[in-house]
Amino acid sequence: MRYAAKIAIRHLMSTPGQTALLMLGVALGVSVFIFMSALIGGLATLLTQRTVGSIAHITIEMAPRDPAQLVRGDDVQLVVQKDLSRREQITVWEPAARLSEAAPGVTAVSPQIRGSAFVQRGQAIAPVGVIGVQPDKLSAIANIGGTVVAGSSALMPDGVLIGQTLADDLGLRVGQIIRVRSDRGRERSFRIGGIFALGIASADRQALYMSFNAARALFDLPNGISRIEVKVAPAGAAPGIADDLARATGLKVTPWTKDNAQLFEALDAQGRTGTIIKVFALITIVIGIASAMLLSIMRRRSEIGIMRAMGASRTLVLGIFVLEGTLIGTLGAVAGALLAWLSLLPFPPVDAVKGGGLPIDRAQGDFLLAIVLTTFAAALASILSARRATRIDPVEAIGQ
Amino acid sequence: MSEEEPLVRVRGLTKIFGEGDAAATVLRGIDLDLARGELSALLGPSGSGKSTLLTILGTLLRPSGGTHHMLEQDLIAARDAERTRFRSTHIGFVFQFHHLLPDLTAVENVMMPAAAAAGRETRAMRSRAAELLDAMGLSDRREYRPAALSGGQRQRVAVARALMNEPQLVLADEPTGNLDRQSADQVITLIEEINRTTGTCFLISTHDEHIAAHCRRRIDLSDGNLVTPSA
């Protein structure tokens, strides 16, 4: 094979212009492959971040119970009416939380007490959704701490955090006292510790965060909790992890994709589109290398003939042209990867993309995959072409 | 191998190209022996079958009929891969056009038959190739590529290449047909000297009587038939 490599390299070096053009063609194909990978990946990341970045990827709740049947006949059915005043709760929640934390792919777990309430400040009243969280997990699901525009993100026992829209609607400021009346009829005063602007209208208008213990008292839940919210990475893995958690806990586990199926399908379709574009880029490379190798074989027909006449085996001839094509593919792929890396440098990270900017994620550029796939594709294209070289009749090729 | 056994023996060798109405018979039952150390000229007009006979003797082409033995090996029964190995080991070629590989230097071209068989170049191969080029009077042209050599020099490199694997038989198809008289004389004189010193058997196809006069045996071919007795 060393001799085949030597001859292959000599062939490539004998026509440097043609070799450079071929490698440039491969490099352009590879850079398109990488650019599309980085763009499609970045776009998916951006859409996911913007859409599901501030919501729970998995929600764990108590499974709804069917009402008890007292009588069941052909014409009549008597059941106990569901007690609407009774709040659904997970009473033994710590094991489920620990299982969730230990599950692969889970990045954050937040047990929560949720309920409806009214906020009153003077004559102004507004409905809110109360979210009671463990103070150290305030930002586990939505980045509340990072979006505080006034006050502090520290959740004090008598403090609450509210959204900016709610604060504007009621004319509230940090440090002021508000009354909160829960749907259980309990009422308590709280001090506004901070105001956040998450950028999600519903949260900024209606969410009110308070400490776990304060929420317990407000909603009459001395032991249980309303739900456990979970974040996973990547977000697309949520359905699988949700299935595992449902089996492990026996609770009702809902992944974000169930309520956002259209978005999930759109991301999936986008991913498939990217794959198709990449496959076509690879096909173009294969066709380019195969046709170039065929031309090279036709041009070197008499040389192949003379080598065969001098005792060169078909394997050696095959090796020469396979190595020639594979070298073009590999060197072109490396050059293309370098070209793509340089061309992606000016783009900011996905997190910093402003309106109109391309969401490019260099980490999803599939550089190594592009090089490996192109090398294999080049080798395949060369084998297909080089088989023709092995069939050349020395007598005809020499033209004696 | 017995003393009397020739290096090459063909009997009833025929070659027909094409089929049916388009069939063309080029060789019509050739009986020929070539002994070790022979220097023979194969003469005949264009189309008489000289090149076809050489390519069959060189295992580049299979005959349509007859037998072909060399070193007592039945080369018609041999498979393609065996014929390739046999050719690489025992037969050398010199063509009318030098057919040197343009991307290799003179010394690399000479090494090519050995390197192609072994799959790599070795110092011993390079050393032998250099010796052969020295013998051809090309010691100062070893690292030149074919494009930088004259026609005569290229053909001498081609002769050296044919001798690289120390073959018992060298088949030369119009080796001087593309050279001027002076270069042609240089090449045939070299062949005579190699034949005398190494005992390599040469069969030289030519229609040049001057070249044929350098050979000790003359084999005439006409319309696919031998005119001269085979031995």
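In strand 8 of chain A, Arg179(A) is the bridge partner of Gln120(A). This pair belongs to a predicted model. Strand 4 (residues 106-121) and strand 8 (residues 177-182) of chain A run antiparallel and share 4 bridges. Strand 8 of chain A also pairs with strand 9 (residues 187-196) of chain A. That pairing is antiparallel too, over 5 bridges. Ile178(A) faces Phe190(A) of strand 9 of chain A. Strands 8 and 9 of chain A make a hairpin, with 4 residues between them. In the turn, Gly185(A) has a positive phi of about 85 degrees.

A cis peptide bond occurs elsewhere in chain A, between Ala233(A) and Pro234(A). Its omega is about -5 degrees. Pro234(A) sits in the loop that links strand 11 (227-232) to helix 7 (238-249) of chain A.

Two helix pairs of chain A were examined, and helix 12 takes part in both. Two packed helices are described by the angle between their axes and the distance between the axes. For helix 2 (residues 16-52) and helix 12 (residues 367-390) of chain A, the axes come within 9 Å and cross at roughly 140 degrees. Helix 2 of chain A is therefore oblique to helix 12 of chain A. The crossing of these two helices is right-handed. Helix 2 of chain A contributes Val26(A), Val30(A), Phe33(A) and Ile34(A) to the contact. Helix 12 of chain A contributes Phe367(A), Ala370(A) and Thr374(A). By class, this contact holds 6 nonpolar residues, 1 polar residue and no charged residues.

Helix 9 (residues 261-299) of chain A also packs with helix 12 of chain A, the axes coming within 8 Å. The crossing angle of helix 9 and helix 12 of chain A is roughly 35 degrees. Their crossing is right-handed. From helix 9 of chain A, the contact residues are Leu282(A), Ile285(A), Val286(A), Ile289(A), Ala290(A), Met293(A), Leu294(A) and Ile297(A). They meet residues of helix 12 of chain A, including Leu373(A), Thr374(A), Ala377(A), Leu380(A), Leu384(A) and Arg388(A). The residues of this contact divide into 16 nonpolar, 3 polar and 1 charged.

Chain B contains 7 helices and 10 strands. Of its 231 residues, 50% count as buried. Among contacts in chain B with a separation of 6 or more, 71% come from residues 24 or more positions apart.

One open sheet of chain B has 6 strands in the order 6-7-8-3-9-10, with mixed pairing. Strand 6 (91-94) and strand 10 (225-226) of chain B are its edges, and each pairs on one side only. Within this sheet, strand 7 (residues 169-173) and strand 8 (residues 201-206) of chain B run parallel and are joined by 5 bridges. Asp173(B) lies opposite Ser205(B) of strand 8 of chain B.

Another open sheet of chain B has 4 strands in the order 2-1-4-5, and its pairing is antiparallel. Strand 2 (24-34) and strand 5 (73-74) of chain B each have a single partner strand, so one side of each lacks a neighbour in the sheet. Strand 1 (residues 8-17) of chain B is joined to strand 2 of chain B by 8 bridges, and the two run antiparallel. Val10(B) stands opposite Leu32(B) of strand 2 of chain B.

Thr59(B) counts as buried because 24 C-beta neighbours lie inside 10 Å. Asp223(B) counts as partly exposed because 14 C-beta neighbours lie inside 10 Å.

The contact between the chains takes 22 residues from chain B and 20 residues from chain A. On the side of chain B that touches chain A, helix 1 (50-57), helix 2 (80-90) and helix 3 (106-118) of chain B each give two or more residues. Helix 3 of chain B provides the largest share, 5 residues. By class, this side of chain B has 11 nonpolar, 6 polar and 5 charged residues.

Technical notes:
Residues are numbered from 1 along each chain as its sequence is written. Chains are lettered from A and ligands numbered from 1 in the order in which they are written. This is a predicted model: local features need pLDDT of at least 70, side-chain atom pairs count only at pLDDT 80 or more; totals for chains, interfaces and linings use all residues. Axes are lines fitted to C-alpha atoms, for helices over the stretch in contact, and angles run from 0 to 180 degrees between N-to-C directions. Angles under 35 degrees count as roughly parallel, over 145 as roughly antiparallel, 65 to 115 as roughly perpendicular and the rest as oblique. A crossing is left-handed if the near helix is turned anticlockwise from the far one by less than a right angle, and right-handed if clockwise. Two residues are in contact if their C-beta atoms, placed from the backbone, lie within 7 Å. Ala, Val, Leu, Ile, Met, Phe, Trp, Tyr, Cys and Pro count as nonpolar, Asp, Glu, Lys and Arg as charged, and the others, Gly among them, as polar. Two strands pair if DSSP finds at least two bridges between them. A residue is buried if 20 or more other C-beta atoms lie within 10 Å of its own, exposed if 12 or fewer, and partly exposed in between; C-beta atoms are placed from the backbone.
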